[in-house]
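Please consider the structure shown below together with its sequence.

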Amino acid sequence: MMEQRRSVHSLSGGETFLVSLALSLALSEISSYSLRIESLFIDEGFGSLDEKTLDAALSALQQLNRYGKKVGIISHVDYITSQLPVRIEVKKSGQGESTVEIVGDIF
């Protein structure tokens with residue numbers, strides 16, 4: 001907003017998610033100096049982002065592979081799942097049971 005200061009209480013859902021993601025990545029980077037962190041799991045929040053912002057967030061997360069980090073995203077957003085090269089899909093099969101399928105090439 002053109003370097004205008006505003007209260008965190010005025011952030012939209014998508015902005016709040018992006019700020020939380022940025023803080024998580026920064027904490028991961030800082031703590032990795034004393035502790036090796038190889039995996040990061042993110043549970044939702046993507047549903048509040050538009051497609052352009054989703055692309056930016058996914059691009060940032062995919063960059064982590066270059067640093068040897070694995071990122072797990074838990075999501076029901078179809079656009080996200082279509083962008084991921086490997087997915088673990090959990091589907092209800094009834095009576096409290098589910099099936100698990102790995103989709104994509106893990107190697």
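Helices (H or I, at least four residues) and strands (E, at least two) are taken here as DSSP runs, numbered from the N terminus. The model is a predicted one, in which local features need pLDDT of at least 70 and side-chain atom pairs count only at pLDDT 80 or more, while totals for chains, interfaces and linings use all residues. Residues are numbered from 1 along each chain as its sequence is written, and side-chain values use heavy atoms, with hydrogens and water left out.

The protein contains 3 helices and 4 strands, arranged along the sequence in the pattern α-β-α-β-α-β-β. Contact means heavy atoms within 4.5 Å. Among the contacts with a separation of 6 or more, 49% are made by residues 24 or more positions apart. A residue is called buried under 20% relative accessible area, exposed over 50%, and partly exposed in between (1.4 Å probe, protein chains only). By this rule 18% of the 107 residues are buried.

The interior may be considered next. A nonpolar core is a set of buried Ala, Val, Leu, Ile, Met, Phe, Trp, Tyr and Cys residues joined through side-chain atoms within 4.5 Å. The largest such core has 13 residues, and those touching the most other members are Phe-17, Leu-21, Ile-42, Phe-46, Leu-49, Leu-61 and Ile-80. Helix 1 (13–31) and helix 2 (51–63) each supply at least two residues of this core, and helix 2 gives the largest share, 4 residues. In soluble globular proteins, nonpolar side chains tend to be buried together.

Neighbours within four places in sequence aside, Phe-46 is in contact with Phe-17, Leu-54, Ala-57, Leu-61, Ile-73, Val-77 and Ile-80. Ile-73 belongs to strand 2 (residues 70–74). Beyond residues up to four places away in sequence, Ile-73 touches Ile-42, Phe-46, Leu-58, Leu-61, Ile-80 and Leu-84. Phe-41 is part of strand 1 (residues 39–43), and with 64% relative accessibility Phe-41 counts as exposed.

Attention now turns to the largest pocket. On a 1 Å grid over the protein atoms alone, a pocket is an open set of points where a 1.4 Å probe fits, with protein on both sides within 12 Å along at least five of seven lines; lining residues have an atom within 4 Å of a point. The lining comprises 22 residues, with Val-71, Gly-72, Leu-84, Val-86 and Arg-87 nearest the centre. Helix 2, strand 2 and strand 3 (87–94) each contribute at least two residues to this lining.

Gln-95 is not a glycine, yet its phi is positive, at about 55 degrees. Is Gln-95 buried or exposed? With a relative accessible area of 83%, Gln-95 is exposed.
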